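The stops below are given in order of selection.

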Amino acid sequence: QDYLVHRIIEMAIDFDVPVIFHTGLQTMYDHKPDDARPTQLWNLAHRYPQLRLIVLHAGFPWLPDAAMLAKQYPNVYLDMAWTYLMSPELSTQALKAFIDLVPMNKLLGFGGDMSIVEKVYGHLMLARQSIARALAAKVGEGLPKDLAFRWIDAMMFDNPNRVYKLDL
């Protein structure tokens with residue numbers, strides 16, 4: 001129980017801003033992988049229902065754990081940032097599962113913590129390809145095309161606009 005984490009969350013609630021937790025793959029060699037598991041956030045999602053809690057990288061590589069967290073708690077959102085770059089194939093498979101499991105309003109299809117514009121553009125191209133492959137597969141399995149387009153709108157515009165209160 002970290003006092004500062006709880007205090008920051010309380011302040012975020014007061015200021016009505018979301019809190020992003022960096023989950024999943026880490027770049028440091030001395031980290032403990034279990035510390036980055038999305039399941040470490042269950043207690044915060046439960047304790048602070050008014051918090052908009054964003055799971056960065058959708059918990060990659062623990063994508064099913066993050067999906068269950070987002071399914072279980074109305075205040076948890078999955079941000080697919082960097083997932084397409086880490087593994088286009090796993091990202092595509094995760095998106096297919098998320099469409100079955102996670103409510104449409106909980107998935108942020110593209111985002112990031114990158115600062116180099118060329119990498120952002122490249123990641124966007126990978127994201128578009130993975131999203132297209134996942135939704136094409138789901139349409140092939142019977143998902144109506146209009147619903148597939150609604151998923152695209154939700155992931156790529158509506159959800160980030162709402163969650164971050166961008167008023168675009």
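Which residues are buried in helix α3 (residues 63-72)? Select L63, A66, A67, L69 and A70: these are the buried ones, where buried means under 20% relative accessible area and exposed over 50%, with a 1.4 Å probe and protein chains only. They lie on the same side of α3, because they cover an arc of only 160° around the axis, taken from the directions from the helix axis to the C-beta atoms. Helices (H or I, at least four residues) and strands (E, at least two) are DSSP runs, numbered from the N terminus.

This is a predicted model: local features need pLDDT of at least 70 and side-chain atom pairs count only at pLDDT 80 or more, while totals for chains, interfaces and linings use all residues. Residues are numbered from 1 along each chain as its sequence is written, and side-chain values use heavy atoms, leaving out hydrogens and water.

Next, select P64 and Q72, exposed residues on the face of α3 turned away from its buried side. Then show α2 (42-47), β2 (53-56), β3 (76-79) and α5 (88-101), against which the buried residues of α3 pack.

Now select L53, V55, V76, L78, L95, F98 and L107, the residues with the most contacts inside the largest nonpolar core, which has 37 residues. Such a core is a set of buried Ala, Val, Leu, Ile, Met, Phe, Trp, Tyr and Cys residues joined through side-chain atoms within 4.5 Å.

Finish on L78: leaving aside neighbours within four places in sequence, its contacts (heavy atoms within 4.5 Å) include V55, A66, F98 and L107.
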